[in-house]
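This report walks through one protein chain, part by part. Please look at the sequence and the structure before reading on.

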Amino acid sequence: MRGLLRYVVAAVLALSAFITYYCNSTTNEVTGETQHVAMTTDEEIALGLQAAPQMAQQYGGLSQDAQARAVVERVGEKIISSTKAGQTPYKFQFHLLADPKTINAFALPGGQVFITEGLLRSLTSEGELAGVLAHEVGHVVGRHSAEQVAKAKLTQGLSGAAAIAAYDPDRPATAAGGAVAAAISKLLTLRYGRDDELEADKLAVDFTPQAGYDPRSMIKVMEILDQKAGGSNPPEFLSTHPNPSNRIGRLQEEIAAEFPQGVPSNLKQ
């Protein structure tokens, strides 16, 4: 009887997780896809603004290079004003972080976009900077953070239900089932991360030419990242980011689909 109760509780938890996830659905106004998110855009904006100072502090605060900051802001604003991103409720702000060694760029929900001095100094053209920023804007308008939160709640609910169903207090060894469920949950989350990166790449291919930049500059960014990694990339299966060398092929496919007659020569690299 105790075992049956355990399975009933697990089933109720799993069903609750599914219902909560799938009942919260909306159509993304930029991508057109149906997404399962529980956060509103106002909540995303508030969360991003709240987290921005702490995230900046982790990278040494904002850069003191006023000229470089102005370039980042100008290119970022050009992307927003030229694309559907500017028609969304998000309040985009572009920040240059002082960290000269870390090669990174990221976006918080709601429109807070960051790039480190280390990555900016590694780039060789304004088009490459546009590619990086457009990719991060893609994460914001793709609502990837909100999706991650919803998916995390779903996988946590399912793994918790699996752990309850698998654990038998009379057989302590079954506790390992909970660890397996947690590991599966983690791998699922990583997979979502890789899919988000590829969608952000696709959105950047759309956004950069609209802002007057050559989308092929993004391929150069991937080559730079691949070189900077120096062979230290983790296996793609265990990474939230696809390996840069693998992303190049996808980018080439997206660019060819976008410009079957070839990329216009007037776009800035």
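Which helix lies across strand 3, strand 4 and strand 5? In this predicted model, helix 5 (residues 126–141) does so, and its direction is at about 30° to strand 4.

## The chain as a whole

The chain contains nine helices and five strands. Read from the N terminus, its elements follow the order α-β-β-α-α-β-β-β-α-α-α-α-α-α.

The chain has 269 residues, of which 45% count as buried. Among the contacts in the chain between residues at least 6 apart in sequence, 70% join residues at least 24 apart.

Three strands make up an open sheet with the order 3-5-4 and mixed pairing. Strand 3 (93–97) and strand 4 (105–108) are at the edges and have a single partner strand each, so one side of each has no neighbour in the sheet. On average, neighbouring strands of this sheet are turned by 20° against each other, direction ignored.

Strand 3 and strand 5 (residues 112–116) run parallel and are joined by five bridges. Within this pair, phenylalanine 94 is opposite valine 113 of strand 5, and leucine 96 has isoleucine 115 of strand 5 as its bridge partner. The pairing of strand 4 with strand 5 is antiparallel and consists of four bridges. Here alanine 107 has valine 113 of strand 5 as its bridge partner.

Strand 4 and strand 5 form a hairpin, with three residues between them. Glycine 110, in the turn, has a positive phi of about 95°.

How many of the five residues of strand 3 are buried? Four are, so strand 3 is largely enclosed by the rest of the structure. Strand 4 is covered on both faces: Ala105 and Ala107 are buried on one side, and Phe106 and Leu108 are buried on the other.

## Arginine 143 and histidine 144

The loop between helix 5 and helix 6 holds arginine 143. Most residues other than glycine have a negative phi. Arginine 143 is not a glycine, yet its phi is positive, at about 55°. Is arginine 143 buried or exposed? Its relative accessibility is 10%, so it counts as buried, the cut-off for buried being under 20%.

Histidine 144 belongs to helix 6 (residues 144–166). With a relative accessible area of 3%, histidine 144 is buried. Apart from neighbours within four places in sequence, histidine 144 is in contact with Gly138, His139, Asp196, Glu199 and Ala200. With one of these, glutamate 199, the contact includes a polar contact between the two side chains, at 2.6 Å. Histidine 144 and glutamate 197 lie 53 residues apart in sequence, while their C-alpha atoms are 9.2 Å apart in space.

## Helix 9 and its two sides

Helix 9 (residues 244–258) has 15 residues. From its first C-alpha to its last, helix 9 reaches 21 Å, close to the 21 Å expected at 1.5 Å a residue.

Which residues of helix 9 are buried? They are Pro244, Arg247, Ile248, Leu251 and Ile255. These residues cover an arc of only 110° around the axis, which means that they are on the same side of helix 9. An α-helix has 3.6 residues a turn, so residues three or four places apart point the same way. The face turned away from the buried side of helix 9 carries the exposed residues Glu253 and Ala257.

Definitions and conventions:
Residues numbered from 1 in each chain as written. Predicted model: local features only at pLDDT ≥ 70, side-chain atom pairs only at ≥ 80, totals over all residues. Heavy atoms only, no water. Pairing = 2+ DSSP bridges. Axes fitted to C-alpha atoms, helices over the stretch in contact; angles between N-to-C directions. Contact = heavy atoms within 4.5 Å. Buried < 20%, exposed > 50% of the residue type's maximum accessible area, 1.4 Å probe, protein only. Polar contact = N/O pair within 3.5 Å; in protein donor to acceptor, adjacent residues only side chain to side chain. Expected span 1.5 Å × (residues − 1). Arc of directions from axis to C-beta.
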